[in-house]
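Work through the exercises below with the coordinates open.

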Amino acid sequence: MQYRNDVKSGNNLSILGYGCMRLPRSMGTKIDVDKTESLIMSAIDMGINYFDSAYIYPGSEQAVGDVFRRNKGAREKIYLATKLPHSQCKSFVDFDKFFDVSLSRLETDWIDYYLIHNIGSLTAWERLKSNGIEKWIDDKKAQGKIRQIGFSFHGPYNEFNALIDAYDWDFTQIQYNYMNENYQAGRAGLVRAHEKGMSVVVMEPLLGGKLATSLPKGVESVFRQGDKDSSPAAWALRWIWNQPEVTLLLSGMNSDAQLNENVETAKTAVPGMLTDKEVAIIERVVKIFEESYKIPCTGCNYCLPCPNNVNIPGSFASYNLSFASGYIAGITSYMTGTALTSKEGNFSGSNCIKCGLCEQACPQKIKIMGALETVLKRMEPFWMKPIISVVRKVMK
C-alpha cells in the first residue's frame with residue numbers, strides 16, 4: 001500500500017480509502033455485517049487505514065461499529081471519518097445530538113476526520129456559524145473528540161472557493177474523476193485546496209461504478225491499446241493517483257474481488273506515473289463517454305425515497321445504459337429496475353408528481369423532473385404500452 005501525508009495532522013493515510021456508503025447487503029436491504037466484517041478486516045490487513053461513513057448512510061455507521069465491537073483493537077489501527085447532516089441542525093444542541101449518535105453507532109469515543117456533510121454554499125456555512133458551529137468545533141477538538149475537521153462538497157466552483165477561505169479547514173472531500181475533471185470543485189478546486197495546505201479526499205472516483213462497468217462501446221478496446229491487463233476501474237483510479245494534490249480516494253468495495261484489485265492497483269500508484277500515451281488514451285475515452293453519457297447521476301440515492309416511489313437512480317442508469325451499451329440492454333434494465341411490467345406496479349418517471357424534493361436533495365444538481373420526462377420519451381414510447389399490458393396480464 002502507498003501512503004500520502006496529511007500535512008496538518010502528520011498522519012500517513014493510505015491512498016486507497018474505504019467508502020462505507022455501499023456496504024454489501026443481504027437481499028438488497030439490510031447490511032450483511034458478516035460480509036462487511038470480512039471485507040473491513042481484510043482491508044485493514046492489506047494496509048487500508050482510512051474508512052469513511054456518514055450519519056445518513058442507512059445502516060453504515062452501525063455496521064462499522066459492529067465490526068469494531070467484534071474485533072478489539074481494530075478501531076485503533078485506522079483513521080475513521082463520518083459526517084454531520086448539517087441541514088438537519090436547527091440549533092447549537094443539534095450538533096451534539098447527531099455527533100453523539102454517530103459515536104454510539106460507531107462504538108468509538110472520537111472521530112479522526114469529521115466532515116460537514118454536503119455543504120454546497122457559503123450561505124449554508126454562515127447559517128451554521130450563526131448557530132455556533134465554530135465554538136462547537138473548537139470544543140470538540142479541545143476534548144479530543146474530533147481530530148480533524150473538514151467538509152464534503154457538491155456545488156459550483158465559486159462556492160467551493162468561498163468555503164475554503166471562510167474557515168481554517170483541515171481537509172475537504174470532493175467528487176473527482178476523469179469524467180468530472182472540471183465539474184463542481186474540479187481540478188481548480190483540488191489545486192486550490194492543496195495550496196492552502198488542506199488534504200483532499202476524492203469521492204466517486206468511478207462515478208458510482210459507471211467508469212468500471214456498463215461502459216460505452218469502444219472504451220475497453222481503447223484501454224487495451226495502452227495496457228491489455230488493466231481493468232477500466234484500474235485506469236480510473238490511476239488517473240486520480242497520478243495527481244500529487246490528491247491525498248486519497250474512496251472506493252465503495254463490496255466484494256473481495258473489488259478489494260483485491262484496488263489494493264493491487266494502489267501498490268504501484270505514485271504521482272506522475274502516467275505516460276503521455278496513457279493520458280491521451282484517457283482523453284479518447286472521455287470523448288467516447290461524452291457522446292453516450294446523457295445524465296450525470298452517480299446512483300448515490302440521496303434523491304430517495306421518492307414520495308411516489310419513483311426509482312430515480314434506476315431510471316437514469318437504464319437511460320444512460322441504453323446509449324452506452326445499446327437500446328435492448330437499456331430497456332431490459334429499465335423494465336426490471338422500475339418494475340414496469342410487474343404486477344406490483346410502475347415505479348418509473350410516469351408516476352412523478354413534481355414535488356421537487358428530489359432536486360433539493362441531489363448533490364449533482366440534476367434537474368430531475370425534466371430529466372425524468374426525457375427518460376420517459378425514450379424508455380416508454382407509445383409502442384411499448386401494448387407490450388407492457390400483455391406482460392402484466394401474464395404476471396397476474
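**Exercise 1. Enclosed space**

Task: find the volume of the largest cavity and classify its lining.

Solution. 
- Step 1. The volume of the largest cavity is about 70 Å³. The model is a predicted one.
- Step 2. Count the cavities of 30 Å³ or more: there is 1.
- Step 3. List the lining. It consists of Cys297, Thr298, Gly299, Cys300, Asn301, Cys303, Ile312, Phe316, Cys362, Gln364, Ile366 and Ile368.
- Step 4. Sort these residues by class. The lining holds 8 nonpolar and 4 polar residues, with no charged ones.

**Exercise 2. An open pocket**

Task: describe the second largest pocket by volume, lining and class.

Solution. 
- Step 1. Its volume is about 300 Å³.
- Step 2. The lining of the second largest pocket has 16 residues. Nearest its centre lie Tyr178, Met179, Asn180, Val286 and Glu290.
- Step 3. Look for the main contributor. Helix 11 (residues 276-292) gives the most to this lining, with 6 residues.
- Step 4. Classify the lining of the second largest pocket: 11 nonpolar, 2 polar and 3 charged residues.

**Exercise 3. Salt bridges**

Task: count the salt bridges. Then trace the partners of aspartate 170 and aspartate 165.

Solution. 
- Step 1. The total is 19 salt bridges.
- Step 2. Start with aspartate 170. Its salt bridge is to lysine 141, with the closest N and O atoms 2.6 Å apart.
- Step 3. Aspartate 170 sits in the loop between helix 6 (157-166) and strand 10 (171-175), and lysine 141 sits in helix 5 (residues 133-142), so the pair ties together parts 29 residues apart in sequence.
- Step 4. Compare burial. Aspartate 170 is buried at 7% relative accessible area, whereas lysine 141 is partly exposed at 30%.
- Step 5. Move to aspartate 165. Its salt bridge with arginine 192 has a closest N and O separation of 2.8 Å. Aspartate 165 lies in helix 6 and arginine 192 in helix 7 (residues 186-195), so this pair ties together parts 27 residues apart.
- Step 6. Aspartate 165 also meets lysine 196 in a salt bridge, at 3.2 Å from N to O. Lysine 196 is in the loop between helix 7 and strand 11 (199-203), 31 residues from aspartate 165.
- Step 7. Check accessibility. Aspartate 165 is partly exposed at 44%, arginine 192 is partly exposed at 23%, and lysine 196 is partly exposed at 35%.
- Step 8. Look for a network. One links Asp34, Glu37 and Arg70 through salt bridges.

**Exercise 4. Aromatic pairs**

Task: count the aromatic pairs. Then give the geometry of phenylalanine 99 with tryptophan 136 and of tyrosine 113 with phenylalanine 171.

Solution. 
- Step 1. The count is 22 aromatic pairs.
- Step 2. Phenylalanine 99 and tryptophan 136 have ring centres 5.5 Å apart and planes at 85 degrees, an edge-to-face pair.
- Step 3. Phenylalanine 99 is in helix 3 (residues 92-106) and tryptophan 136 in helix 5, so the pair ties together parts 37 residues apart in sequence.
- Step 4. Phenylalanine 99 is buried at 0% relative accessibility. Tryptophan 136 is buried at 1%.
- Step 5. For tyrosine 113 and phenylalanine 171, the centres are 5.1 Å apart and the planes stand at 85 degrees, so this pair is edge-to-face.
- Step 6. Tyrosine 113 belongs to strand 8 (residues 111-116) and phenylalanine 171 to strand 10, so the pair ties together parts 58 residues apart.
- Step 7. Tyrosine 113 is buried at 1%, and phenylalanine 171 is buried at 1%.
- Step 8. Finish with the cluster. Ring pairs link Trp125, Phe151, Phe153, Phe160, Tyr167 and Trp169.

Methods
Residues are numbered from 1 along each chain as its sequence is written. This is a predicted model: local features need pLDDT of at least 70, side-chain atom pairs count only at pLDDT 80 or more; totals for chains, interfaces and linings use all residues. Side-chain values use heavy atoms; hydrogens and water are left out. On a 1 Å grid over the protein atoms alone, a cavity is a set of points where a 1.4 Å probe fits but cannot get out, and a pocket is an open set with protein on both sides within 12 Å along at least five of seven lines; lining residues have an atom within 4 Å of a point. Grid points are joined across faces, edges and corners, and a volume is the space filled by probe spheres set on the points. Ala, Val, Leu, Ile, Met, Phe, Trp, Tyr, Cys and Pro count as nonpolar, Asp, Glu, Lys and Arg as charged, and the others, Gly among them, as polar. A salt bridge is a side-chain nitrogen of Lys or Arg within 4 Å of a carboxyl oxygen of Asp or Glu. Helices (H or I, at least four residues) and strands (E, at least two) are DSSP runs, numbered from the N terminus. Buried means under 20% relative accessible area, exposed over 50%, partly exposed in between (1.4 Å probe, protein chains only). Rings of Phe, Tyr and Trp (its six-membered ring) pair if their centres lie within 6.5 Å; planes under 30 degrees apart count as stacked, over 60 as edge-to-face and the rest as tilted.
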